[in-house]
Amino acid sequence: MTDSAEYTPPKIWVWNKANGGQFANINRPIAGPTHEKELPVGRHPLQLYSLGTPNGVKVTILLEELLALGHSGAEYDAWLIKIGDGDQFGSGFVDVNPNSKIPALLDRSGPTPIRVFESGSILTYLAEKFGAFLPTEQPARAECLSWLFWQMGSAPYLGGGFGHFYAYAPTKIEYAIDRFAMEVKRELDVLDRRLAESEYLGGKDYTIADIAVWPWYGGLVKGWQYGAAEFLQVQDYKNVQRWAETIFARPAVKRGRKVNRLSGDPADQLHERHDASDFDTKTQDKLTAAG
């Protein structure tokens, strides 16, 4: 390990906004809205407020998969929440998700709107609502939910841990990068061993467990995240690679990955989605330009 000045924590922690790195403008130690702003509402019962990050992509992939199965009730409006601009701290968004994180869903199909926040909760809610991508019988249901919650517990090591210190922190800290790189590689090994014995994480069927894990770890092994594929030697995880390619080949996954996306090839960005026709090239170009 390289030498560095030893840090002694103060007796009482005080927030220093200048130490926030790339995301200093949106991180703060308190909750609640910073400004009044109502959320837009489209014509469909399901209103999604999100951004095309790994957590946001989970929900748009599931919604596109549900529509591909013929569940017309899964039609949705996807509104862009620009977290870099602080949209998640608007009063309307905070009403739907008091934690001010994307994604957030409002189901207006019944007499009383139902708010659902946290991506794993949204996946479970939609899978149960439409009776798809979540087994109803044991032990398949338990296996699916175990891997779903594995992702919810492990992703902070990948995103908030490794990704932050490797790609976004204002100072490269060897200990922090080593600590989280070790954990991410352990998690990739967990996945690789599981996928050596099973086609999908929950078993023989594609489920919300795969939909939850794929944007994070599938994206990592495909080289989409943090520019860290070589650093982490992701090519060594052959079973994860096979699984990631299988899922990426699904048309609904390709559509879902475009929704609310602000980075990458403009052809892969659909800033808002209000109808299936929005994926048509001309409509997509128009919406992307407007966004």
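**Close-up 1. Proline 103 sits in the loop between helix 2 (91-96) and strand 3.** Helices (H or I, at least four residues) and strands (E, at least two) are DSSP runs, numbered from the N terminus. The peptide bond that runs from isoleucine 102 to proline 103 is cis, and its omega is near 0°. Most peptide bonds are trans, and most residues other than glycine have a negative phi. This is a predicted model: local features need pLDDT of at least 70, side-chain atom pairs count only at pLDDT 80 or more, and totals for chains, interfaces and linings use all residues. Residues are numbered from 1 along each chain as its sequence is written, and side-chain values use heavy atoms, with hydrogens and water left out.

**Close-up 2. The loop between helix 3 and helix 4 (140-168) holds proline 139.** Glutamine 138 is joined to proline 139 by a cis peptide bond, with omega near 5°. Phenylalanine 133 is found in the loop between helix 3 and helix 4 too. Phenylalanine 133 is not a glycine, yet its phi is positive, at about 65°. Is phenylalanine 133 buried or exposed? Its relative accessibility is 13%, so phenylalanine 133 counts as buried. Buried means under 20% relative accessible area, exposed means over 50%, and partly exposed lies in between (1.4 Å probe, protein chains only).

**Close-up 3. Glutamate 118 lies in the loop between strand 4 and helix 3.** Its phi is near 80°, a positive value in a residue other than glycine. With 32% relative accessibility, glutamate 118 counts as partly exposed.

**Close-up 4. In an open sheet, 4 strands line up in the order 2-1-3-4.** The pairing is mixed. Two strands pair if DSSP finds at least two bridges between them. Which strands stand at the edges? They are strand 2 and strand 4 (114-117). Each has a single partner strand, so one side of each is left without a neighbour in the sheet. From one strand to the next, the twist averages 20°. Strands of a sheet pair through backbone hydrogen bonds, either parallel or antiparallel.

**Close-up 5. Strand 1 (residues 46-50) and strand 2 run parallel, joined by 5 bridges.** Leucine 46 has tyrosine 76 as its bridge partner in strand 2. Tyrosine 49 stands opposite tryptophan 79 in strand 2. Strand 2 (residues 76-80) is mostly covered, with 5 of its 5 residues buried. Tyr76, Ala78 and Leu80 are buried on one side. Asp77 and Trp79 are buried on the other.

**Close-up 6. Glutamate 75 has its place in the loop between helix 1 and strand 2.** Its relative accessibility is 18%, so glutamate 75 counts as buried. What does glutamate 75 contact, leaving aside its neighbours within four places in sequence? The contacts are His44, Pro45, Leu46, Leu67, Arg273 and Ala276. Contact means heavy atoms within 4.5 Å.

**Close-up 7. Helices lie across the strands.** Helix 1 (residues 54-68) lies across strand 1 and strand 2. Helix 1 runs at about 150° to strand 1. Axes are lines fitted to C-alpha atoms, for helices over the stretch in contact, and angles run from 0 to 180 degrees between N-to-C directions. Helix 3 lies across strand 1, strand 3 (104-107) and strand 4. Helix 3 runs at about 130° to strand 4.

**Close-up 8. Helix 3 (residues 119-130) packs with helix 6 (residues 208-221) at an angle of about 150°.** Their axes are 10 Å apart. That makes helix 3 roughly antiparallel to helix 6. Angles under 35 degrees count as roughly parallel, over 145 as roughly antiparallel, 65 to 115 as roughly perpendicular and the rest as oblique. Which residues make the contact? Helix 3 brings Leu123, Thr124 and Ala127. Helix 6 brings Ile208, Ile211 and Ala212. By class, the contact has 5 nonpolar, 1 polar and no charged residues. Ala, Val, Leu, Ile, Met, Phe, Trp, Tyr, Cys and Pro count as nonpolar, Asp, Glu, Lys and Arg as charged, and the others, Gly among them, as polar.

**Close-up 9. Arginine 193 belongs to helix 5 (residues 174-197).** Arginine 193 is exposed, and its relative accessible area is 60%. Arginine 193 and asparagine 239 are 46 residues apart along the chain. Their C-alpha atoms are separated by 7.7 Å.
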